[in-house]
Amino acid sequence: MAGTAAARIVRRWPDALALHPLGPVTPGHLLVIPLLHVPDVTTDPEVSATVMRRVSEIATPPCNVITSAGAAATQTVFHAHVHVLPRSIGDGLLLPWSTPATTGDGRRQHWHRRRCHLIRRQFNALKRLLQLRGGSEHG
């Protein structure tokens with residue numbers, strides 16, 4: 001928000017901006033950014049609510065609405081912002097929860113294997129938790 005990078009502002013409100021990011025990941029990718037500085041959406045519920053209100057005014061389905069809080073969650077810009085990513089079937093954008101129906105047939109096997117792997121990991125973690133609590137009679 002320092003005004004040092006070129007940005008194409010799509011919409012301006014008294015409390016937020018919508019703009020095209022410098023590196024869009026889908027056509028029409030927008031960022032909605034509060035004018036008040038907060039590091040992420042967990043900092044101030046009122047600011048977060050304002051940003052989501054603005055997102056709802058500008059987003060059109062199908063889309064992903066994504067934000068991150070903290071470096072471990074892949075946040076790289078420490079000013080709250082929300083990505084609005086227009087989507088279409090087979091657009092190639094893979095998210096961790098993508099399914100074969102949303103990624104196209106070429107990736108069906110990969111995502112099936114990944115999903116099975118994640119389910120196994122969740123099951124094993126739950127099994128270990130139950131064992132630690134002494135609640136696993138079936139194990």
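**Close-up 1. Side chain of H79 and the backbone of P34 in a predicted model.** A polar atom of the H79 side chain lies 2.9 Å from the backbone oxygen of P34, a polar contact being a pair of N or O atoms within 3.5 Å in which, within protein, one must be able to donate a hydrogen and the other to accept it, with residues adjacent in sequence counted only if both atoms are side-chain atoms. The C-alpha atoms of H79 and P34 are separated by 8.4 Å, at 45 residues apart along the chain. H79 is buried at 11% relative accessibility (buried, under 20% relative accessible area; exposed, over 50%; partly exposed in between; 1.4 Å probe, protein chains only).

**Close-up 2. Surroundings of H81.** H81 is placed in the loop between β4 (63-66) and β5 (82-86); helices (H or I, at least four residues) and strands (E, at least two) are DSSP runs numbered from the N terminus. A polar atom of the H81 side chain lies 2.8 Å from the backbone oxygen of H79. With residues up to four places away in sequence not counted, H81 touches L31, V32, I33, I66 and T67 (contact, heavy atoms within 4.5 Å). H81 is buried, its relative accessible area being 14%.

**Close-up 3. Backbone geometry at P62 and T74.** The P61 to P62 peptide bond is cis, with omega near -5°, and P62 lies in the loop between α1 (45-58) and β4. T74, not a glycine, has a positive phi of about 75°.

Residues are numbered from 1 along each chain as its sequence is written, and side-chain values use heavy atoms, leaving out hydrogens and water. In this predicted model, local features need pLDDT of at least 70 and side-chain atom pairs count only at pLDDT 80 or more, whereas totals for chains, interfaces and linings use all residues.
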